[in-house]
Amino acid sequence: MERSVSSLPQEKQERVWRALDGLQIEIPSWGFANTGTRFGKFIQAAAATNLTEKFADASEVHRLTGITPTVALHVLWDLPEGEGSVAQVKELEQAYGVRAGSINPNLFQDQEYKYGSLCNPDPAVREKAVQHMLASVRIAKALDSRDISLWVSDGSNYPGTQSISRRIGWLEEALKATHNEMAPTQRLLVEYKPFEPAFYHTDIADWGMAYSLAKAAGPQAVVLVDTGHHALGTNIEQIVAWLLRLGVLGGFHFNDRKFADDDLTIGSIDPYQVFRIFHEILSYKTWNEVHEDQIAYMIDQSHNLKGKMEAMVQTVMQAQELFARAALVDQHLLAELQDACKLVEAEEHFRGCFYTDIRPMVAEWRQSRGLPANPLEALRTSGYVAKITEERAAKNSNTQSSYA
């Protein structure tokens with residue numbers, strides 16, 4: 001049974017509000033567009049069909065939640081002319097009141113990348129991939145975006161078909177070249193993934209590889225943790241604790257998974273894991289100095305079954321509520337119980353915070369900031385989804401579904 005917030009001490013309520021005041025979440029442009037699985041694509045009438053519509057949708061999410069001021073952009077999908085698309089993005093920022101966030105290079109769609117991009121055996125293909133990385137850095141500079149968020153899909157499917165060790169060297173060279181192009185205020189976020197699309201070996205398969213490559217690239221390179229990119233049963237919060245300790249936790253791509261990279265709504269499968277991750281972060285901040293914006297909280301989800309606007313607002317709300325629950329933990333009390341090896345008492349305090357129904361307190365916080373108490377309900381009653389459905393249905397009806 002969930003505990004009520006009505007009996008919480010004032011000190012705990014204030015701690016939760018301070019935590020909520022410091023939480024900002026970046027949402028992905030591609031989360032508003034029609035996307036699909038490797039088998040096909042299911043079209044939604046309200047899906048965004050261009051960058052203007054993506055910014056409009058992102059602006060509406062920010063209006064309802066108040067904590068999503070930036071939109072992650074994908075270079076190939078959102079800036080098809082590269083640096084030539086920057087002017088349009090700046091106009092959209094002014095028009096819709098949300099800013100460009102992380103810049104995401106695309107190293108997995110071009111036909112030349114069949115055998116890899118930064119790790120391709122062909123030096124000409126590797127050079128093309130590096131030049132794309134450098135262009136992405138320049139785009140980020142032009143948009144005043146701090147983070148270049150890198151996911152490399154390179155790998156191999158069969159033993160003996162590629163040199164694992166030589167590919168490590170090629171990766172190091174590419175990331176160093178990218179790092180050298182960056183402004184002093186920029187960061188390179190190195191993401192890892194155990195498999196898919198490569199199934200024998202993936203070139204950046206775990207956090208240790210990402211950490212090693214980040215250190216080789218330079219001091220402005222850090223690690224990005226995608227909560228879906230882990231084998232079943234992986235203790236992600238332990239990885240988070242290590243990366244915090246090493247000073248290289250750059251941020252997250254939040255989603256959830258039942259088996260692997262399922263891109264499910266955050267907390268839909270295992271909300272306790274998200275709570276534990278947030279707890280590790282807040283615990284570390286209790287005992288160590290951490291800049292508030294050092295850790296980038298980003299959503300990486302793209303829904304085919306849920307409505308895209310509804311799923312995005314629901315995701316932000318869920319992340320906010322789990323963060324607030326983690327803020328309930330009394331870190332000093334917990335440390336005392338841990339040091340005394342009072343296992344049951346420590347666990348009960350920890351679990352008790354997770355099982356507290358924090359939603360009334362978060363709703364009160366929202367209202368105090370001039371926001372709807374329930375953003376998802378506010379979206380339902382606003383008419384926004386009906387409006388964009390009517391405006392975009394014809395364009396989306398002409399979108400082709402594909403089967404790979």
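# Report on a predicted model

Asp263 is placed in the loop between strand 9 and helix 9. The model described here is a predicted one. Phi of Asp263 is near 55 degrees, which is a positive value in a residue other than glycine.

## Backbone details

Another residue with a positive phi is Asp144, at about 60 degrees, although Asp144 is not a glycine. Asp144 belongs to the loop between helix 5 (123-142) and strand 4 (147-150). Its relative accessibility is 70%, and exposed means over 50%, so Asp144 counts as exposed.

The peptide bond from Glu196 to Pro197 is cis, with omega near 10 degrees. Pro197 sits in the loop between strand 6 (187-191) and strand 7 (201-202).

Which residues of helix 8 are buried? In this helix, which covers residues 236-246, they are Ile236, Glu237, Ile239, Val240, Leu243 and Leu244. These residues cover an arc of only 150 degrees around the axis, and therefore they lie on the same side of helix 8. An α-helix has 3.6 residues a turn, so residues three or four places apart point the same way.

## Aromatic rings

How many aromatic pairs does the structure hold? There are 18 aromatic pairs in the structure. A pair of aromatic rings is described by the distance of the centres and the angle of the planes. The table gives these values for two pairs.

| Pair | Distance of centres | Angle of planes | Arrangement |
|---|---|---|---|
| Trp30 and Trp77 | 6.2 Å | 75 degrees | edge-to-face |
| Tyr272 and Phe275 | 6.0 Å | 15 degrees | stacked |

Why is the pair of Trp30 and Trp77 edge-to-face? Planes over 60 degrees apart count as edge-to-face, and the planes of Trp30 and Trp77 are at 75 degrees. Trp30 lies in the loop between strand 1 (27-28) and helix 2 (51-65), and Trp77 lies in helix 3 (residues 75-78), so the pair ties together parts that are 47 residues apart in sequence. Trp30 has a relative accessibility of 9% and counts as buried, whereas Trp77, at 37%, counts as partly exposed.

For the rings of Tyr272 and Phe275, the angle of 15 degrees is under the 30 degrees that counts as stacked. Tyr272 and Phe275 are three residues apart in helix 9, so about one helical turn separates them. Is each of these two residues buried or partly exposed? Tyr272, at 24% relative accessibility, counts as partly exposed, while Phe275, at 0%, counts as buried.

Tyr272 also has a charged neighbour: the charged end of Arg276 sits over the ring of Tyr272, 4.9 Å from its centre. In a like arrangement, the charged end of Arg325 sits over the ring of Phe354, at 5.3 Å from the ring centre. Elsewhere, ring pairs link Phe252, Phe254, Phe278, Tyr297 and Phe323 into a cluster.

## Pocket and cavity

Rolling a probe the size of a water molecule over the atoms shows where empty space is left. The second largest pocket has a volume of about 520 Å³. It is lined by 22 residues, and the closest to its centre are Gln24, Glu26, Thr70, Arg99 and Arg146. Strand 3 (99-104) and strand 10 (296-299) each supply at least two residues of this lining. Strand 3 provides the largest share, four residues.

The structure also holds one cavity of 30 Å³ or more. The volume of the largest cavity is about 30 Å³. Which residues line the largest cavity? They are Lys193, Pro194, Phe195, Glu196, Gly228, His229, His230, Ala260 and Asp261. Glu196, one of these lining residues, is also on one side of the cis peptide bond to Pro197.

## Asp21

Asp21 is located in helix 1 (residues 10-21). With a relative accessible area of 43%, Asp21 is partly exposed. Leaving aside neighbours within four places in sequence, Asp21 is in contact with Trp365 and Arg369. Asp21 and Cys353 are 332 residues apart in sequence, and their C-alpha atoms are 19 Å apart in space.

Key. Residues are numbered from 1 along each chain as its sequence is written. This is a predicted model: local features need pLDDT of at least 70, side-chain atom pairs count only at pLDDT 80 or more; totals for chains, interfaces and linings use all residues. Side-chain values use heavy atoms; hydrogens and water are left out. Buried means under 20% relative accessible area, exposed over 50%, partly exposed in between (1.4 Å probe, protein chains only). The arc is that of the directions from the helix axis to the C-beta atoms. Rings of Phe, Tyr and Trp (its six-membered ring) pair if their centres lie within 6.5 Å; planes under 30 degrees apart count as stacked, over 60 as edge-to-face and the rest as tilted. A charge sits over a ring if NZ of Lys or CZ of Arg is within 6 Å of the ring centre and within 35 degrees of the ring normal. On a 1 Å grid over the protein atoms alone, a cavity is a set of points where a 1.4 Å probe fits but cannot get out, and a pocket is an open set with protein on both sides within 12 Å along at least five of seven lines; lining residues have an atom within 4 Å of a point. Grid points are joined across faces, edges and corners, and a volume is the space filled by probe spheres set on the points. Contact means heavy atoms within 4.5 Å.
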